[in-house]
Amino acid sequence: MSQVETKLRETIKELLDRGEVDLVVGHEAGSLPLRSRPVFIRDAADVDRLVWGSTCSNNLATHLPRLFVRPKNSRAEYAPPTVGIVAKGCDARSVLGLVKEHQLPRDKVVIIGVPCAGMIDIRKAEESLDGARIIAAQEEAGTFKVETTAGEKVLTLAEMLADGCAECSHPTAPEADVVIEGDARPAAGERYLQVEAFEAMTAEERWDHFTSEISRCIRCYACRQVCPNCYCVTCFADQTKPRWIGAADELSDLMAFHIGRIFHQAGRCVECDACVRACPMDIDLRVFTQKLPKDVEALYGYVAGVSAEGVPALLTFSENDDQGFISEP
Amino acid sequence: MSEAREAGGWEPKIVAFLCNWCSYAGADLAGVSRLQYPTNVRIIRVPCSGRIDPLYIVRALQEGMDGVLVSGCHPGDCHYISGNLVARRKFALLKSYLDYLGIEPGRVQFSWVSASEGSRFAALIEKVVEDVRALGPATKMVKTPVGVQAAGAAPVGAK
């Protein structure tokens with residue numbers, strides 16, 4: 001057990017004992033090796049279930065808004081809970097984004113910042129094993145002792161690091177209420193390398209890549225379900241009046257869904273890559289989702305979720321906004 | 001009708017979303033002034049350019065429009081003060097995003113036309129039609145029309 005993990009458990013135990021939080025959302029070991037799953041701790045006796053490491057990739061902010069839904073048909077006075085969240089940089093940025101969009105009361109959320117060393121991409125781990133299955137894994141300071149069907153192996157975080165984490169600009173939680181000290185990875189210097197490489201391709205190559213990736217979509221909508229920003233009661237993809245996304249097996253509709261979903265994140269996406277990890281078809285979503293945050297930052301100087309101050313880029317305007325795209329007759 | 005259409009050739013089909021207060025009135029002025037401009041454009045009047053959801057544009061491309069034009073009041077002249085300014089950010093990002101995916105930049109165009117600019121409207125339509133004609137018929141994102149069989153599929157009702 002790492003030092004950070006011990007400190008995290010102690011801190012959360014104290015917060016629960018003192019009654020400063022009613023509930024903490026964190027990570028626990030998953031049922032499969034190298035996986036973790038969200039855990040909701042209400043009782044201080046359960047804090048030992050909490051884990052922290054480079055397998056805790058889930059964006060926990062996704063689970064917060066539903067904890068603040070006022071019960072329907074209840075005459076009892078509504079008392080919202082105080083919820084703690086174990087937050088990497090991306091989780092905290094999502095929380096701040098949701099606060100800005102009035103989906104969360106800031107005074108009822110306790111951001112427990114943990115030092116993030118970057119998350120592993122489980123697909124990279126599987127690829128490096130030449131078809132052998134992972135039976136068990138033990139994490140220790142940046143290395144993983146992995147027991148596989150083909151014997152034991154040591155994998156490092158560096159070789160399995162997720163692409164998104166390699167380009168992460170905020171590895172530690174902004175505006176954390178409680179900070180667990182430890183070694184976080186430094187903010188990446190070079191960002192959007194994949195997007196820039198894609199921009200350098202010809203229009204036909206880009207379109208072919210978009211087509212071949214999106215044509216694999218099975219419309220499970222996991223990318224939407226896992227996204228902290230997708231809290232609409234009725235998603236445009238589920239609407240029937242008008243029916244934006246046709247029900248038939250049609251590539252054009254798949255494209256419209258992905259363009260619609262990704263565009264709805266304009267100025268809101270915190271680049272946590274939850275959608276990328278959730279995709280069961282391994283669609284290269286990252287190259288398509290990263291374009292908008294890049295453009296928003298370049299055009300409007302806005303970075304989502306880094307502070308509770310500031311108006312989201314698409315909710316405001318400036319008289320001097322770029323209009324080089326306007327057609328002149 | 002043009003010679004191409006009489007000969008059964010392809011003519012670009014363009015949808016134009018025009019705001020009620022400026023661009024639609026500008027189009028009206030072009031008509032009242034009897035200015036000639038290509039007939040390839042189908043106009044949809046919207047209350048404000050801020051009313052346009054990017055999905056409208058995506059949908060138009062899906063339904064086989066060869067070009068989409070969106071036009072509103074010039075910045076600073078919006079009937080609702082700032083509708084077009086908020087829309088401008090949305091449009092800039094959408095245009096950049098569609099280009100990024102590989103959709104030809106000329107297919108989706110944005111402009112500003114005021115109520116007094118009938119001649120600008122006519123010139124704009126000429127430009128858009130010319131651009132789209134140069135690009136040829138839209139193929140990207142276009143839905144298979146209802147009733148058309150996919151190649152190799154058994155005809156409907158075949159046993």
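Figure 1. In chain B, residues 24 or more positions apart account for 79% of the contacts with a separation of 6 or more, two residues being in contact if their C-beta atoms, placed from the backbone, lie within 7 Å. The model is predicted, so that local features need pLDDT of at least 70 and side-chain atom pairs count only at pLDDT 80 or more, whereas totals for chains, interfaces and linings use all residues. Residues are numbered from 1 along each chain as its sequence is written, while chains are lettered from A and ligands numbered from 1 in the order in which they are written. Chain B has 5 helices and 4 strands, where helices (H or I, at least four residues) and strands (E, at least two) are DSSP runs numbered from the N terminus. Along the sequence these elements follow the pattern α-β-α-β-α-β-α-β-α. Of the 159 residues in chain B, 46% are buried; a residue is buried if 20 or more other C-beta atoms lie within 10 Å of its own, exposed if 12 or fewer, and partly exposed in between, with C-beta atoms placed from the backbone.

**Figure 2. The surroundings of Cys19(B).** Cys19(B) lies in strand 1 (residues 14-19) of chain B, and it counts as buried because it has 30 C-beta neighbours inside 10 Å. Leaving aside neighbours within four places in sequence, Cys19(B) is in contact with Tyr24(B), Val46(B), Cys48(B), Ser49(B), Ser71(B), Gly72(B) and Cys73(B). Gly76(B) is 57 residues from Cys19(B) along the chain, and the C-alpha atoms of the two are separated by 14 Å.

Figure 3. Helix 3 (residues 54-62) of chain B is mostly covered, with 7 of its 9 residues buried, namely Pro54(B), Ile57(B), Val58(B), Arg59(B), Ala60(B), Leu61(B) and Gln62(B). The cover over these buried residues includes helix 9 of chain A, together with strand 1, strand 3 (67-72), helix 4 and strand 4 (108-112) of chain B. Helix 3 of chain B is followed by Gly64(B), whose phi is positive, near 95 degrees. A nonpolar core is a set of buried Ala, Val, Leu, Ile, Met, Phe, Trp, Tyr and Cys residues joined through C-beta atoms within 7 Å. The largest such core has 84 residues, and those with the most contacts inside it are Ile14(B), Ile57(B), Leu61(B), Val68(B) and Val70(B); helix 4 of chain B supplies the largest share of this core, 9 residues. Apart from neighbours within four places in sequence, Ile57(B) is in contact with Val68(B), Val70(B), Leu94(B) and Val108(B). A second, separate core of 48 residues includes Leu96(A), Leu98(A), Ile112(A) and Leu155(A).

**Figure 4. Packing of helix 2 against helix 5 in chain B.** Helix 2 (residues 23-32) and helix 5 (residues 118-135) of chain B pack at an angle of about 95 degrees, with their axes 7 Å apart; axes are lines fitted to C-alpha atoms, for helices over the stretch in contact, and angles run from 0 to 180 degrees between N-to-C directions. Helix 2 of chain B and helix 5 of chain B are therefore roughly perpendicular to each other, given that angles under 35 degrees count as roughly parallel, over 145 as roughly antiparallel, 65 to 115 as roughly perpendicular and the rest as oblique. Gly26(B), Ala27(B), Leu29(B) and Ala30(B) of helix 2 make this contact with Gly118(B), Arg120(B), Phe121(B) and Ala122(B) of helix 5.

**Figure 5. The contact between chains A and B.** Across the two chains, 33 residues of chain A are in contact with 36 residues of chain B. The elements giving two or more residues to the side of chain A that touches chain B are helix 7 (203-214), helix 9 (251-263) and helix 12 of chain A. The axes of helix 12 (residues 291-300) of chain A and helix 4 (residues 83-101) of chain B come within 10 Å and cross at roughly 135 degrees, which means that helix 12 of chain A is oblique to helix 4 of chain B. Lys291(A), Leu292(A), Asp295(A), Val296(A), Leu299(A) and Tyr300(A) in helix 12 of chain A meet Arg89(B), Ala92(B), Leu93(B), Ser96(B), Tyr97(B) and Tyr100(B) in helix 4 of chain B.
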